[in-house]
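Dear colleague,

I am handing over the structure below, and after it you will find my notes on what turned up when I went through it. Please read them with the structure open beside you.

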Amino acid sequence: MSGAGVWRVVHNPRVAVRSEPSASGNILGSRNYGTELRALEAHGNWLRLGGDTPGWILTDGTALGLGPLLERLDTKPMRLRVRHPLSGAQLPDLELPGDARVGRAREALAAGAGLAASSLLPCPPPTAVLSVLQDDVRLWEAGFRDGSEFAVVCMASGGDMQPEVRGSRDQPSRALPEGAAGALRRLELGEGAAYELRAAVEGGWEREAIQALLRSLAAGRRGAAALLFSWGLSPRLGLVEVSSAAGGAAGPREGSRVALLLGWGGSSVQQFEGPRRFWQDRGFTTITATRCPFEVEAQVTKVAGCLPEGARLVVHLFSNNGLYFLADLFQIWHGPVAGVVLDSAPDPNLRPSLVQKVANGCIRALCAQHSVALEGPEEEAVARIEIVTKLREGDSVAWEEDACPGGPAAVALDTGGFRRGLLVSTEESAQLRRETFDAKASGLANRPLTASEAERLNRDLHVAEVGFSDFTGVLDKCRPEKSSSEPAPLLFLYSRSDMLIKAPVIEAFIQSSTLPGQARRCCFEGSHHVRHFERHRERYLAELEAFAGAIGL
């Protein structure tokens, strides 16, 4: 069996991570006893790791007199605790093989509960790696371990109905199945999370879910702003769509040409159909995705799985949201990139005012899409929504190893010890690196901040309710060949009329962050943010044609 999978360190106190699969390789770091880790591939008794400390780790040190160093977890039989989705009564444990997938557990629970499997939406465990569970995901990939509870949201209850949920001004009310009503109630009370939102959306209750979150937002409950913003950024909740050059759904083959189109906040596939059609007409398979903060782990995993060895890849991204996605992708994928097109990007400074404008626009567009009227307290709450805020007196800051699915991060906690969000740097465009946190918060971590200390930290740091990936230097990682010493060619498409990410900001980035001859640029007149193709179709296509020719595609 391949070495890729989940392993645990069983050697005390730690095992070294080395630069190559050899005991003579340089030590890059270590993994402590009891730590779980994910391997990308195996080379004999060595595993290649990704993440913050990429490198190689030895599984068996018997030849060195150390004995077993790691044990594999994903091949062991798994026992999952389950309850009846409606009554809550304890059911017999599910006994499953180590490589079982979520769909098998869902079907087994449905059979034991006497319900249709299609009515059950699995919920991630507290240590979830993915925020939404698809049937083809292996249980261990999702974060389940032997003895974990396998919980579900039931979207139907055999006909038992709840009272009607309020409609908008121009939409009638609808009666809800018990399971859906429960999920929506948890969203409104601030007790819901991504899987409740997914349950409502997959059950066809988008409008009711928006209304529940708006009421929660107006009541000042924790979490509603982040869920609404994330949903508004990616209206189809993290959909990744693959289309062949002929218009079918077949994925790319080894050595084929692939165009990865990464959308702006609030975009749909249809909105960048023109650029997508350009690449398809040139024989490219296209992969389209719009980053959703609580789905991004699953999104990048799927995209990486769609990029075969030897693919000629061009990236066509829109706004900062597209660049954030590219940074996320490079956390797990390191293949060659022939060239990058940047439409209306980047703005390296994570300004609260910019994020507020984006959040406001995305949420209003989401409401309009589902015929939800914004009025009264809900409208006022959206108008003053804050996704990136300042530290306050009494808050504390800390570095947590399991802060988010992507790994460790700096966090801000309120006076009650509850997490307010991730600490982000306005200078670095995203979440803090460890060295930045240690420098900025020296002597201030893990205790309540005074008013003056909070004010001092606010000069450089803010608190974000959703994750913003660090795209500093990500374009330098884009190289035409793995062995290439030069970064990939870039094409910047922007406008003097863009009031969101302004032309001088993009031009300053080109001046400071690209090499001579690396970047082509086209500055339009009169077109707004990410709307250059609509206003200047012929010139836009001509720029793409010239760029594709220049990079040999």
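In this predicted model, β14 pairs with strand β16 (residues 285-289) in the antiparallel sense, over four bridges, and E241 has T288 in β16 as its bridge partner. Helix α7 (residues 296-305) lies across β14, β15 and β16, and runs at about 15 degrees to β14. Helix α14 (residues 503-513) also packs on the sheet, where it touches β24 (490-495) and β25, and its direction makes about 160 degrees with that of β24.

The sheet itself is open and is formed by seven strands in the order β14-β16-β15-β17-β18-β24-β25, with mixed pairing. Because β14 and β25 (519-524) each have a single partner strand, they stand at the edges, and one side of each is left without a neighbour in the sheet. From one strand to the next, the twist averages 15 degrees.

Between β14 (240-243) and β15 (257-262) there is a loop that holds S256. This residue, S256, counts as buried because its relative accessibility is 16%, and, leaving aside residues up to four places away in sequence, S256 touches P308, A311 and R312.

Among the buried residues of α9 are L354, V355, C362 and I363, and what covers the buried residues of α9 includes α4 (206-218), α5 (224-233) and α8 (319-329). Just after α9, S371 takes a positive phi of about 55 degrees.

Notes. Residues numbered from 1 in each chain as written. Predicted model: local features only at pLDDT ≥ 70, side-chain atom pairs only at ≥ 80, totals over all residues. Heavy atoms only, no water. Helix = DSSP H or I, 4+ residues; strand = E, 2+ residues; numbered from the N terminus. Buried < 20%, exposed > 50% of the residue type's maximum accessible area, 1.4 Å probe, protein only. Contact = heavy atoms within 4.5 Å. Pairing = 2+ DSSP bridges. Axes fitted to C-alpha atoms, helices over the stretch in contact; angles between N-to-C directions.
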